[in-house]
Each structure stands twice: as structure tokens, then as C-alpha cells.
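Q: Can you walk me through this one? I'd like the overall layout and then the helices.

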Amino acid sequence: MDAYQYVVLRCVPRPEREEFLNVGVVLHCPEQKFLAARWALDEQRLAAFAPGLDLSLVRAALESVDLICAGAAHAGFGAGVRATAYGLRSLSDNESARFGLLKAPKSTVLQPGPVHGGVTTDAAAELDRVFAHQIT
């Protein structure tokens, strides 16, 4: 059994009100080198929840999550170096680093919820299970 973590992606049309609808899941399993997202936009529900919300922008944000999971969102930029209090540190581009980016709190229309965890033998099947439980 391998440990995994996941976050539920929330559509938060007005962050100051803290109202949201769950629209996706990102699951990371380091032992299986697995990082993937599943999402679905219920356009009728979102339109009723947030009239005037530009759903094409929400869709674009979710598609960006897919690119980040695949390591394709920043492929041309390279890993780089970051200065820390302890000296220079090379930045790595791997599943763990990308999950760290995706789970970080944000005050945008697409926000990650709290990090949850568990164990699995099949991360892809677990993503399907969590998605079915949290989104559909």
C-alpha cells in the first residue's frame, strides 16, 4: 500500500463570501510517481450558483491544472535556482513539487480545499473513487 494525498478543487466565484462548488480533484502518490487531476463543470449548476460567472475562464483554469500535473505548463522555463536563508537551492520539477504548487492556498476563482490522505495500491483507481465521491 502506498500513501497518497489529494485536494478537492473548488470554484469560488466570490472569494470574499467563501461560497464554493466542488469541481475537481488532484491526487498525488509519490511512490507511484502519480499526479493527476479529474474535473467536471456542471454548467447549469454553476450558472445558477453564480450568474454572470465566465465559465470559459473556470474551464481554462482547470485545463491549466491538467498541464501542471503533466509537467507541461512551464516546460520551456527550466527548473532554476532559488535563494534561501541557507544558501542556493536548485528547484526540481517533479510530481511532488507540482502538487505543492497546486495545493497551496489561493484567493482566486479556483481554490484547493484542505489536503486529505490515504493509502492505495492503484493511484489512478483511487483518483476515480475520490472523484466519484466528491464531485459526481
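What follows is a chat about the fold, its helices and its cores.

Q: What kind of model is this?
A: It is a predicted model.

Q: How many helices and strands are in the protein?
A: The protein has four helices and seven strands. Along the sequence they run β-β-β-α-α-β-β-α-β-β-α.

Q: And how much of the protein counts as buried?
A: Of its 136 residues, 32% count as buried. Among contacts with a separation of 6 or more, 64% are between residues 24 or more positions apart.

Q: Let's take helix 2. How far apart are its end C-alpha atoms?
A: They are 23 Å apart. Helix 2 covers residues 55-70, so at 1.5 Å a residue its 16 residues should span 22 Å, and the two values agree.

Q: Which residues of helix 2 are buried?
A: Leu-55, Val-58, Leu-62, Val-65, Ile-68 and Cys-69. They sit on the same side of helix 2, because they cover an arc of only 135 degrees around the axis.

Q: What is exposed on the face turned away from the buried side of helix 2?
A: That face carries Leu-57 and Ala-70, both exposed.

Q: So what covers the buried residues of helix 2?
A: The cover includes strand 1 (2-11), strand 2 (21-29), strand 3 (34-39) and strand 6 (110-112). Helix 1 (43-49) and helix 3 (95-103) are also part of the cover.

Q: What follows helix 2?
A: Gly-71, with a positive phi near 80 degrees.

Q: Back up to Val-58. Buried or exposed?
A: Val-58 counts as buried because its relative accessibility is 2%, where the cut-off for buried is under 20%.

Q: What is Val-58 in contact with, leaving aside neighbours within four places in sequence?
A: Cys-11, Leu-41, Leu-53 and Val-109.

Q: Switching topic: which residues touch the most other members in the largest nonpolar core?
A: Leu-9, Val-23, Val-26, Leu-46, Leu-62, Val-65 and Cys-69, out of 19 residues in that core. Strand 1, strand 2, strand 3, helix 2 and helix 3 each supply at least two residues of it. Helix 2 gives the largest share, six residues.

Q: Is there another core, or what lies apart from that one?
A: Another core, of 13 residues, lies apart from it, and its members include Val-8, Val-25, Phe-34 and Ile-135.

Q: Now helix 4. How far does it reach?
A: Helix 4 (residues 123-134) has twelve residues and reaches 16 Å from first C-alpha to last, close to the 16 Å expected at 1.5 Å a residue.

Q: Which of its residues are buried?
A: In helix 4 the buried ones are Ala-123, Glu-126, Leu-127, Val-130 and Phe-131. Their arc around the axis is only 135 degrees, so they lie on the same side of helix 4. Strand 1, strand 2, strand 3 and strand 7 (116-120) are among the elements covering them.

Q: Last one: where does Arg-38 lie?
A: Arg-38 lies over the face of Phe-131, 4.2 Å from the ring centre. Arg-10 lies over the face of Phe-20, at 4.0 Å from the ring centre.

Notes: Residues are numbered from 1 along each chain as its sequence is written. This is a predicted model: local features need pLDDT of at least 70, side-chain atom pairs count only at pLDDT 80 or more; totals for chains, interfaces and linings use all residues. Side-chain values use heavy atoms; hydrogens and water are left out. The expected span of a helix is 1.5 Å times one less than its number of residues. Buried means under 20% relative accessible area, exposed over 50%, partly exposed in between (1.4 Å probe, protein chains only). The arc is that of the directions from the helix axis to the C-beta atoms. Contact means heavy atoms within 4.5 Å. A charge sits over a ring if NZ of Lys or CZ of Arg is within 6 Å of the ring centre and within 35 degrees of the ring normal. A nonpolar core is a set of buried Ala, Val, Leu, Ile, Met, Phe, Trp, Tyr and Cys residues joined through side-chain atoms within 4.5 Å.
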